[in-house]
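Please look over the sequence and the model before reading on.

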Amino acid sequence: MPNPSLVQLQRALKLSEQIQKLEAELASILGSTAATPKVKRAYTKKAQSSSTSPDTAPPAKKKRKRAKLSPEGLANIRAAQQKRWAKVKREAKKAEG
């Protein structure tokens, strides 16, 4: 991709400023910041995370515990899967001859 010219960069800056003003006006009308686009928030988070140094890394997120299946639940799942495979095999035999 070619580098944008100075004129293109200036135009892009003006458009960006206009967008920010319109977003602020929209937020003031709606009374919340929920109207801000997700792209802008994602960009902001990315920019913030890249500016942190390794010394000030954010704390590690807690790992979510997975629910364990009961033996009965696991047996039900296995039985249902066996039924499905048996049906597929029956239909395959019928199709053969």
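What does the accessible surface of the protein chain come to, and what percentage of it belongs to carbon and sulfur atoms? In this predicted model, the accessible surface amounts to about 10,000 Å², and carbon and sulfur atoms account for 60% of that area.

**Overall fold**
- The protein chain contains three helices and zero strands.
- Read from the N terminus, its elements follow the order α-α-α.
- Of the 97 residues in the protein chain, 3% are buried.

**Confidence**
- The average pLDDT of the protein chain is 80, and 72% of the residues score at least 70.
- Helix H3 (residues 71-96) has the highest confidence, at 94, whereas helix H2 (residues 38-51) has the lowest, at a mean of 51.
- Where pLDDT is low, predicted coordinates should not be read in detail.

**Helix H1 and its end**
- Helix H1 has 25 residues, which should span 36 Å at 1.5 Å a residue; the end C-alpha atoms of H1 lie 36 Å apart, in agreement with that expectation.

**A nonpolar surface patch**
- Leu26, Ile29 and Leu30 make up a nonpolar patch on the surface, and their accessible area together is about 300 Å².
- Ile29 belongs to helix H1 (residues 6-30).
- Ile29 counts as exposed because its relative accessibility is 61%, and the cut-off for exposed is over 50%.

Key:
Residues are numbered from 1 along each chain as its sequence is written. This is a predicted model: local features need pLDDT of at least 70, side-chain atom pairs count only at pLDDT 80 or more; totals for chains, interfaces and linings use all residues. Side-chain values use heavy atoms; hydrogens and water are left out. Patches are made of residues with over 30% relative accessible area and no salt bridge: like charges are joined within 9 Å, nonpolar side chains (Val, Leu, Ile, Met, Phe, Trp, Tyr) within 5 Å. Accessible areas come from the Shrake-Rupley method with a 1.4 Å probe; for residues, only the protein chains shown count as cover. A salt bridge is a side-chain nitrogen of Lys or Arg within 4 Å of a carboxyl oxygen of Asp or Glu. Helices (H or I, at least four residues) and strands (E, at least two) are DSSP runs, numbered from the N terminus. Buried means under 20% relative accessible area, exposed over 50%, partly exposed in between (1.4 Å probe, protein chains only). pLDDT is the predictor's confidence in each residue, from 0 to 100. The expected span of a helix is 1.5 Å times one less than its number of residues.
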